[in-house]
Amino acid sequence: MTALRYVYAVCRPFRSALQAQLTGVAGAPPKQLTHHGLIAVVSTVPEADFAEEPLRAHLEDLDWLTATARAHQQVIDALTVVTTPLPLRLATVFRDDSGVRTMMEAREEAFRRVLDRLEGQVEWGVKVYAEPEAAEAAGSAGAGRVGGDAVSGRDAVSGRDYLRQRRMQTRAREDIWQKAAAFAGRLHEKLSAFAEDSRLHAPQNAALSGASGQNVLNAAYLVPRADSEEFVELVDREKDDAPGIRVELTGPWAAYSFTGEFAEEPEVEP
């Protein structure tokens, strides 16, 4: 069976060894391919799965795509521990080592420019969610019962009172969303001032991400590795304890959001 070359990332030479048992896509261990002082991190994959036609079909298979993206990310995460990788797009495949070197030759100047900018940097992700249901639950717990009857519900109140309560709930939800959006704007301004660079991504669709609440901030921040602890502390200090606002911090990752045309974030969580 013919083996193709799957390329994970391009980086500068590094001294620290990768994990001895590290495997990548299709279960093969990654290796280093050197060209003009740059390293392409590659592994072999079967042509039966990664040639153009079968690969196009596999990319429509969510289970296959999820497993492949996780294996890809596993290698990128290992590289991020020992160096500053420039991740390439998921399923970047070439016929052989010569094809990989030809690609590196053609894009050498761009690779070096991006690697110079990313040297010593990692990416942190910050998301802010508006969660009106959580605020309503907290309010209900605090309100308790009045005269032995639940405060809300058709059985405990008249139709007019029920409609009034529904309007109040709608206004409360809108108020929480506005507060979350304002908080997210202030947080992004402070984190952007600390970071070397930042990117605003489109809010995540809750139906696709599975996260609770409405995503009002989905941002990435490029931070010097040495300053990461201070960045995390800054996020913790700025968190708003108000019910209905949730902050999610992830990282450190390879700088997917700052590599221009070379990489895209995986379709699944690393």
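This is a predicted model: local features need pLDDT of at least 70, side-chain atom pairs count only at pLDDT 80 or more; totals for chains, interfaces and linings use all residues.
Reader: Let us start with α5. Which of its residues are buried?
Author: In α5, which spans residues 108-118, the buried residues are Glu108, Ala110, Phe111, Val114, Leu115 and Leu118. Viewed down the axis of α5, these residues fall within an arc of 160°, so they line one face of the helix.

Reader: And which residues are exposed on the other side of α5?
Author: Glu109, Arg113 and Asp116 are exposed there.

Reader: What do the buried residues of α5 pack against?
Author: Their partners are the strands β1 (3-11), β3 (38-46), β4 (86-94), β5 (121-130) and β9 (214-224), together with helix α4 (97-106). Just after α5, Gly120 adopts a positive phi of about 75°.

Reader: How accessible are Glu108 and Arg112?
Author: Glu108 has a relative accessible area of 17% and is buried. Arg112 stands at 25% and counts as partly exposed.

Reader: How many salt bridges are there?
Author: The count comes to 14. Among the residues involved, Arg5, Lys31 and Asp97 are linked in a network.

Reader: What about Arg246: which residue does it bridge at 3.0 Å?
Author: That partner is Glu131, with 3.0 Å between the closest N and O atoms. Arg246 belongs to strand β10 and Glu131 to the loop between β5 and α6 (132-143), so the pair ties together parts 115 residues apart in sequence. Glu131 is buried at 13% relative accessible area, while Arg246 is partly exposed at 24%. Arg246 also forms a salt bridge with Glu248, the closest N and O atoms being 3.5 Å apart. Glu248 is partly exposed, at 25%.

Reader: Turning to the sheet with β10, what is the strand order?
Author: The open sheet has 4 strands in the order β8-β9-β5-β10, with antiparallel pairing. At its edges stand β8 (197-200) and β10, each with a single partner strand, so one side of each has no neighbour in the sheet. Neighbouring strands are turned by 20° against each other on average, direction ignored.

Reader: Over how many bridges do β5 and β10 pair?
Author: They pair over 7 bridges in the antiparallel sense. Ala130 stands opposite Ile245 in β10.

Reader: Now the largest nonpolar core. Which residues touch the most other members?
Author: This core has 21 residues, and those touching the most other members are Val126, Val128, Leu187, Leu191, Leu217, Tyr221 and Phe231. At least two core residues each come from β5, α7 (159-194), β9, α9 (228-238) and β10 (245-253). The largest share, 6 residues, is supplied by α7.

Reader: What does Tyr221 touch?
Author: Leaving aside residues up to four places away in sequence, the contacts of Tyr221 include Val122, Trp124, Val126, His188, Leu191, Phe231 and Phe258. A second, separate core of 20 residues includes Ala9, Phe50, Ile76 and Ala91.

Key
Residues are numbered from 1 along each chain as its sequence is written. Side-chain values use heavy atoms; hydrogens and water are left out. Buried means under 20% relative accessible area, exposed over 50%, partly exposed in between (1.4 Å probe, protein chains only). The arc is that of the directions from the helix axis to the C-beta atoms. Contact means heavy atoms within 4.5 Å. A nonpolar core is a set of buried Ala, Val, Leu, Ile, Met, Phe, Trp, Tyr and Cys residues joined through side-chain atoms within 4.5 Å. A salt bridge is a side-chain nitrogen of Lys or Arg within 4 Å of a carboxyl oxygen of Asp or Glu. Two strands pair if DSSP finds at least two bridges between them. Axes are lines fitted to C-alpha atoms, for helices over the stretch in contact, and angles run from 0 to 180 degrees between N-to-C directions.
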